[in-house]
Amino acid sequence: MSGKIPRAFIDEVLARTSLVDVIDSHVSLTKRGKNHIACCPFHHEKTPSFNVIADKQFYYCFGCGASGNAISFEMDYLKKDFVTAIEDLASLVGLEVPREAGQSDKYASQNRTS
């Protein structure tokens with residue numbers, strides 16, 4: 001399906017997604033205080049500097065500076081493109097990705113009727 005994914009939908013997916021669960025399914029996290037830590041999956045290290053802040057839904061590595069949300073983790077760690085990352089996260093939280101009609105969709109429908 002083609003078309004732009006609405007920004008409101010992207011925000012909803014991020015709000016419903018547990019970043020801790022997404023990252024913990026690929027990197028073993030340890031709870032420390034209200035945050036979670038691990039050795040960074042983006043660079044080689046011996047002591048944990050990778051932090052996942054659950055209440056703010058973002059991660060940050062004090063070693064290499066990697067940071068982001070669930071979408072950027074899917075893209076950077078799992079090497080997914082943006083649309084695939086959104087589709088996979090939406091699937092995890094039980095949502096279907098809506099699409100807005102784009103320019104190509106409008107032209108395609110005009111050409112079919114001509």
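A polar contact here is a pair of N or O atoms within 3.5 Å, where one must be able to donate a hydrogen and the other to accept it. Keep that in mind for the views below, which all come from a predicted model.

**View 1. Glu-45 and the side chains of Ser-49 and His-43.** Let's start with the polar partners of Glu-45. Its side chain meets that of Ser-49 in a polar contact of 2.5 Å. A second polar contact, at 3.1 Å, links the side chains of Glu-45 and His-43.

View 2. Glu-45 sits in the loop that runs between strand E2 (35-38) and strand E3 (50-53). Is this residue buried or exposed? Glu-45 is buried, yet it has no salt bridge. The nearest side chain of opposite charge belongs to Arg-32, 11 Å away. Beyond the neighbours within four places in sequence, Glu-45 touches Ala-38, Cys-39, Cys-40 and Phe-50.

**View 3. The hairpin of strands E1 and E2.** Here you can follow E1 (residues 30-32) as it pairs with E2 in the antiparallel sense, over three bridges. Across this pairing, Lys-31 faces His-36 of E2. Two residues lie between the strands of the hairpin, and Gly-33 adopts a positive phi near 70°.

**View 4. Strands E2 and E3 side by side.** What joins E2 to E3? Three bridges do, and the two strands run antiparallel. His-36 turns up again in this view, standing opposite Val-52 in E3. As you look along the strands, remember that in a regular strand the side chains alternate between the two faces of the sheet.

Conventions. Residues numbered from 1 in each chain as written. Predicted model: local features only at pLDDT ≥ 70, side-chain atom pairs only at ≥ 80, totals over all residues. Heavy atoms only, no water. Helix = DSSP H or I, 4+ residues; strand = E, 2+ residues; numbered from the N terminus. Buried < 20%, exposed > 50% of the residue type's maximum accessible area, 1.4 Å probe, protein only. Lys, Arg positive; Asp, Glu negative; His and termini not counted. Salt bridge = Lys/Arg side-chain N within 4 Å of Asp/Glu carboxyl O. Contact = heavy atoms within 4.5 Å. Pairing = 2+ DSSP bridges.
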